[in-house]
Amino acid sequence: MTPKEILYVEDALGHAQFLTQQSQSAVNMLQDTDLKQQAQQLVDQNRRIYQQFYSLV
């Protein structure tokens with residue numbers, strides 16, 4: 001990989017991690033149990049995608 005490609009991957013991973021953190025914060029503020037559960041599933045899915053992407057690098 002070129003240095004520019006590595007920077008792009010690092011940037012993408014940083015954005016994905018930030019999105020996961022912000023999403024988890026939003027889930028923590030939800031009061032509705034069903035909505036909270038569905039949102040948590042999305043956060044968990046996003047974490048798995050991040051981990052898969054990270055493992056490729």
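At 7% relative accessibility, Thr20 counts as buried, where buried means under 20% relative accessible area, exposed means over 50%, and partly exposed lies in between, with a 1.4 Å probe and protein chains only. Thr20 is found in helix H1, and, leaving aside its neighbours within four places in sequence, Thr20 is in contact with Val43, Asn46 and Arg47, contact meaning heavy atoms within 4.5 Å.

The model is predicted, so local features need pLDDT of at least 70 and side-chain atom pairs count only at pLDDT 80 or more, while totals for chains, interfaces and linings use all residues. Residues are numbered from 1 along each chain as its sequence is written, and side-chain values use heavy atoms, with hydrogens and water left out.

The protein has two helices and zero strands; helices (H or I, at least four residues) and strands (E, at least two) are DSSP runs, numbered from the N terminus. The axes of helix H1 (residues 3–29) and helix H2 (residues 33–56) come within 10 Å and cross at roughly 160 degrees, the axes being lines fitted to C-alpha atoms over the stretch in contact, with angles that run from 0 to 180 degrees between N-to-C directions. That makes H1 roughly antiparallel to H2, since angles over 145 degrees count as roughly antiparallel, those under 35 as roughly parallel, 65 to 115 as roughly perpendicular and the rest as oblique.

On the H1 side, the residues that make the contact include Val9, Leu13, Thr20 and Gln24, and on the H2 side they include Val43, Arg47 and Tyr54. By class, this contact of H1 with H2 has 11 nonpolar, seven polar and two charged residues, where Ala, Val, Leu, Ile, Met, Phe, Trp, Tyr, Cys and Pro count as nonpolar, Asp, Glu, Lys and Arg as charged, and the others, Gly among them, as polar.

Gln24, which is also found in helix H1, counts as buried at 16% relative accessibility, and it touches Gln40, Val43 and Arg47, not counting residues up to four places away in sequence. Tyr54, by contrast, lies in helix H2 and counts as exposed at 51% relative accessibility.

For the protein as a whole, buried residues make up 16% of the 57 residues. The C-alpha trace spans about 45 × 15 × 10 Å along its principal axes, and the radius of gyration is 14 Å, whereas a compact globule of 57 residues would have one near 10 Å; this radius is taken over C-alpha atoms, and the globule rule is 2.2 Å times the number of residues to the power 0.38.
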